[in-house]
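Subject: Structure handover

Hello,

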Amino acid sequence: MCMGWSKVLIFAALLVLLAACSDDISSPVGHEFPTKLYPYEVTYDAATYRQRRDNLVQRIPSGSLILLTTNSVYLRNGDVNYDFRPSSVFYYLTGFDEPNAVAVIRETGGAPSSSQLVMFVEQRSGSSVQWLGSVYGPEGAVTYFGADSAYGSWMVGGWLKQLLASGTVGDVYANLDDNDETRAVFTQAGGDTHSVHNVDSYVDEMRIIKDDLEMRLLQRAVDVSVQAFAEGIRSIAPLKYEYEVESVFDLVLRMNGCPRTAFTTIVASGPNSTTIHYTANKRQMVSGDLVMIDFGAEYGYYAGDVTRTVPVNGTFTSEQAAVYDIVSTSLDAVLAAAKPGVSFEYLSGLNVDILIEGLLQKGVITGTKSAIISSNQYRLYIPASLGHSIGLDVHDPWSKGNYNERILRENMVLAIEPHLYLGAGDLTVSPAYRGVCARIEEDIRITSTGCEILSASLPRKRAEIEAMTNK
Ligand SMILES: [Mn+2]
């Protein structure tokens, strides 16, 4: 974890050179600026975050205080920490991505009311800068992140206690679901005298509809995911291990400046494909297998989420082809039907109808469609939902509520993932089809008249998938 001396010298020389070239940079040397995210076409936009805070204070009762905390750095084992990622609700409202920060948002009054932001952030000096690097500090929180005032994190307890005791604060709205730290901060400040509500549901309602900045970040996350699939599918071959394929996805991810995946990658071949969230990725693949790959890049904390099902030897067997085509037909129909005003429940029903009809037509199962659906037998083959909202979380807030009742609206972003899982031991399935599973997943934005497929540049038809493989 330490670099050699010669590299240190080169690095120091570069820093001197950089400092000489850029007089306008006033932040500590070596610190990353919030003005650009990753390499680096999406610009950080403080005004967007302020707009979201203004919007939120108008949604909660007047006189309330909004208290938000973000994640800490958590110990993994012996002096090694887990990778830090900010809490989603905190990040959505501040754009601030350092650990151990607290944000307090209040309305300023007037009509329409706008918001005031006070931040409590980490401060570093001396050896902590030497070991961990510099941080924005209170000055950076004001300069870059639009805080009206900012202090060191250690001051939050006393500051909040005084404010709560002043008699000027109504109820408190906090991100209790989003982050475990919040209740501790609240309690330490003697907050028991105030009613505390969950702010998450109010923020969730806002997060359902994506703004321009979110769309740019989401599209980039999807684009990198698509590029990873293009390379990853080419790398599939008999006798390779699942993790070898995963490593190609990871390489493309990191080459594009994405820090991590949006969720643990699934490379599930052969018998593993019946496990919906299989993540061990350690089996040696053999000719004749299908491999189901569910992968999403995280970019600017936004999640892509794409799935393809690929024959390991480059050619689907007739049974695999039949199942794949049924799923593909359903996906086409759902995408054609997705538009504002349509309910997710309708799309889910359409999907189940087409999938069960397809299985019956191909003789994969027997019976009548209505009985298979009304008895819930269909859940044997279609165990998961048709899809979910994506955003800062791969399962964005839409998933938490009764989402079948959700009506699609413009600028919702969804992952749509029809699937068929035919269990290896499922006696209701014709023997030749047992163990065959297929899922295809696209990311879409609801437009004013229909939907835009964000992942459209990645082929999904059966012949196209075969053509992408390295056979
Ligand atoms: Mn998904």
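Below are the findings, grouped by region.

First, the ground rules. This is a predicted model: local features need pLDDT of at least 70, side-chain atom pairs count only at pLDDT 80 or more, and totals for chains, interfaces and linings use all residues. Residues are numbered from 1 along each chain as its sequence is written.

Helices (H or I, at least four residues) and strands (E, at least two) are DSSP runs, numbered from the N terminus. Two strands pair if DSSP finds at least two bridges between them.

**The open sheet**

Three elements make it up: the order is β11-β14-β15, and the pairing is antiparallel. β11 (260-261) and β15 (302-303) are the edges; each has a single partner strand, so one side of each lacks a neighbour in the sheet. Helix α9 (residues 212-234) packs on this sheet and touches β14 and β15. Its direction makes about 150° with that of β14. Contact here means C-beta atoms, placed from the backbone, within 7 Å. Axes are lines fitted to C-alpha atoms, for helices over the stretch in contact; angles run from 0 to 180 degrees between N-to-C directions.

β11 pairs with β14 (residues 297-299) over 2 bridges, in the antiparallel sense. Arginine 260 has glutamate 298 in β14 as its bridge partner.

β13 (residues 290-295) is mostly covered, with 6 of its 6 residues buried. Buried means 20 or more other C-beta atoms within 10 Å of the residue's own; exposed means 12 or fewer, and partly exposed lies in between, with C-beta atoms placed from the backbone. Leu290, Met292 and Asp294 point one way from β13, while Val291, Ile293 and Phe295 point the other way.

β13 pairs antiparallel with β12 (residues 266-269) over 4 bridges. It also pairs antiparallel with β16 (residues 306-311), over 6 bridges. Methionine 292 stands opposite alanine 268 and also opposite threonine 309 in β16. Valine 291 stands opposite valine 310 in β16.

β16 is largely enclosed by the rest of the structure, because 6 of its 6 residues are buried. Val306, Arg308 and Val310 lie on one side, and Thr307, Thr309 and Pro311 on the other.

**The α2/α8 crossing**

The axes of α2 (residues 46-57) and α8 (residues 200-207) come within 10 Å and cross at roughly 125°. The two helices are therefore oblique to each other. By angle, under 35 degrees is roughly parallel, over 145 roughly antiparallel, 65 to 115 roughly perpendicular, and the rest oblique.

Arg52, Asn55 and Leu56 in α2 meet Tyr202, Val203 and Met206 in α8. By class, this contact has 4 nonpolar, 1 polar and 1 charged residues. Nonpolar covers Ala, Val, Leu, Ile, Met, Phe, Trp, Tyr, Cys and Pro; charged covers Asp, Glu, Lys and Arg; the others, Gly among them, are polar.

**Isoleucine 208**

Isoleucine 208 sits in the loop between α8 and α9. It counts as partly exposed because it has 18 C-beta neighbours inside 10 Å. Leaving out residues up to four places away in sequence, isoleucine 208 touches Ser389, Pro397, Trp398 and Met412. Its C-alpha atom is 8.3 Å from that of glycine 391, 183 residues apart along the chain.

Best regards

Note on methods. Two residues are in contact if their C-beta atoms, placed from the backbone, lie within 7 Å.
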